Amino acid sequence: MPRVVSLFLPTWPTDRIRRRAGDAAPPPDQPFALVGSDGRKRVVLAVDAAARAAGLRVGMAATQAQVLVPGLIIQDANPAADAEGLERLAIWVLERFSPIVAADPPDGIVIGSTGADHLHGGEQAMLAKLTARLEISGIAIRAAVADTWGAAHALARYAIAPITIAPERGAQAAIAPLPIAALRLPVDMVASLRVLGFERIGDLLAQPRAPLALRFGSELGRRIDQALGTTSEPMEPVRPPNLVEVRRVFAEPISAAETISRYIGKLVPQLCEALGARGLGARRLDLVCQRVDNRLQVARIGTATPVRDPKRLTRLLCEKIETIDPGFGIEIMSIAAIVAEPLEARQVATSLIEDSPPDVSDLVDILANRVGERRIYRAAPVASDVPERSVERIPAMAPETGATWPDHWPRPSRLLATPEPVETVALLPDHPPVWFTWRGVRRRVRRADGPERVFGEWWKRDPELAAVRDYFRVEDEAGERYWLYRAGDGEDAATGSQGWFIHGIFG
């Protein structure tokens, strides 16, 4: 069943202005509001978190806001710039998270997550990553996932939790406790419904539809049906400027997997020809199929390097056909290179002169599109003496930097994700342990080498100013070798807890 993500940016216009202003922006703890004209009055159109905490609300008269909050920073609103900034943000989400993204003015973004969430580890992981990226950029955000745009929109704005994931086919139960304003109804209609005693969406769902339609028209029933999924709500995706895209409109709808595969094979060469004319290679392709019921079915593939090989891209897209539900038929098919990078033609050396270097990018692309690009990576050195900080995950096909790990001290072939405490007996301050117990097994140490002292990185964290670790390589009676360390120098309590930990296992 299609799943929809709604992002709510409660302080969007003010967040946009702060980001553009940079260092010249007002301090985050200083109340900030945007004002504009409502007829002959100047009213507050947007407030930041500090202004909302001070008691200001959208729709309040600007003079009243200034009286209530002395020192309030006021700026004239620019709705056109706000809408343009929201669309740019939607394009950013489109390029990184999902093939179907649309702006939801004035303060939201809607995402069709079906076919893309598994590339980020599922809905929960995708939302966590998305919200973290936006919050780092200084944008406040609430998010929700549901089966329909209307339900996700309501949960993002009125649910208690900042991130809400409604179960599949559970839209009615999820939105029933929410206030009726969550249905995106006109303000005067909401006020009239409250006069009649309706407070929650569940109150409306329990009533016969005909009397409500007679009094309030078709708008109320349409919004209820959109939230429950009985009426479709088309989404018009945003498109980046200079997008390379090809499409095919069918005189008769298609639905068979073989037919979809055949037309993918016809469209991809056209796309590669258009990319070649611009000197580009595709890094991310979106296959968008519009069904006869106006619903969109999407599939996304990514590549580790820029690619313009029709056979390779066709094979990757055809592997996604099983994720597409054609319904009663597909009438429009399009393929777009959402992300493209420069790719120059190069001459391949003949094997009579030299052997061509092995190319595993095709295998990386196949695996990444099956299990998610975040799960395909390689380890790279980082300039740090602290072992767990001396390595990082980078894309599998990232270029070599020439950095290497220092080889003056041996390192274990397996480094534990988190050092685990062990019980030991050792003579302080410089002797290795005589024995240690790890995971319930006691091991007697037969040989040991060390200590290797590692100092904390005081320039990153103040508590590490005096912190040290003493590492030992130890071998037990069975010949197995381990990497243990003592937190501290064995004498001064300020250098560490003096407890012992296992950090790695040698091969």
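## Cysteines, cores and charged pairs

Let's start with Cys272: its sulfur is 13 Å from the closest cysteine sulfur, the one in Cys318, and that is too far for a bond. The bond in question is a disulfide, meaning a pair of cysteine sulfur atoms within 2.5 Å. This is a predicted model, so local features need pLDDT of at least 70 and side-chain atom pairs count only at pLDDT 80 or more, while totals for chains, interfaces and linings use all residues. Residues are numbered from 1 along each chain as its sequence is written, and side-chain values use heavy atoms, with hydrogens and water left out.

How many disulfides does a search of the whole structure find? The search turns up zero. Cys272 has a relative accessibility of 6%, so it counts as buried (buried is under 20% relative accessible area, exposed is over 50%, and partly exposed is in between, using a 1.4 Å probe and protein chains only). Cys318 is in no disulfide either, as the nearest cysteine sulfur, in Cys289, is 11 Å away. With a relative accessible area of 23%, Cys318 is partly exposed.

Now for the greasy parts. A nonpolar core is a set of buried Ala, Val, Leu, Ile, Met, Phe, Trp, Tyr and Cys residues joined through side-chain atoms within 4.5 Å. The largest one here has 36 residues, and Leu155, Ile175, Leu193, Leu204 and Leu220 touch the most other members. Helix H6 (residues 149-158) supplies the largest share of this core, six residues. Helices (H or I, at least four residues) and strands (E, at least two) are DSSP runs, numbered from the N terminus. Skipping its neighbours within four places in sequence, Ile175 is in contact with Ala151, Ala154, Leu155, Ile201, Ala227 and Leu228, where contact means heavy atoms within 4.5 Å. There's also a second, separate core of 30 residues, and its members include Val268, Leu280, Cys289 and Leu316.

Leu316 turns up again in helix H13 (residues 310-318), where Arg312, Leu313, Thr314, Leu316 and Leu317 are buried. What covers these buried residues of H13? The cover includes helices H12 (257-277) and H14 (361-371), along with strands E10 (280-291), E11 (296-307) and E12 (330-342). The N-terminal end of H13 is capped by Asp309, with a side-chain oxygen 3.3 Å from the backbone nitrogen of Lys311.

Last up are the charges. Side chains of opposite charge can pair when their charged atoms come close. A salt bridge is a side-chain nitrogen of Lys or Arg within 4 Å of a carboxyl oxygen of Asp or Glu, and the structure holds 37 of them. Here are some examples:

| Salt bridge | N to O distance |
|---|---|
| Arg209 and Asp225 | 3.2 Å |
| Glu341 and Arg283 | 3.2 Å |
| Glu464 and Arg389 | 2.5 Å |

Arg209 sits in helix H10 (residues 209-216) and Asp225 in helix H11 (residues 218-228), 16 residues apart. Arg209 is partly exposed at 37% relative accessibility, whereas Asp225 is buried at 18%.

Glu341 is in strand E12 and Arg283 in strand E10, so this pair ties together parts 58 residues apart in sequence. Glu341 is partly exposed at 29%, and Arg283 is partly exposed at 23%.

Glu464 lies in the loop between strands E18 (441-455) and E19 (468-476), and Arg389 in the loop between strands E13 (377-381) and E14 (391-395), so the pair ties together parts 75 residues apart in sequence. Glu464 is buried, at 12% relative accessible area. Elsewhere, salt bridges that share partners join Arg184, Glu219, Arg222, Arg223 and Glu233 into one network.

How values were computed:
A polar contact is a pair of N or O atoms within 3.5 Å; within protein, one must be able to donate a hydrogen and the other to accept it, and residues adjacent in sequence count only if both atoms are side-chain atoms.
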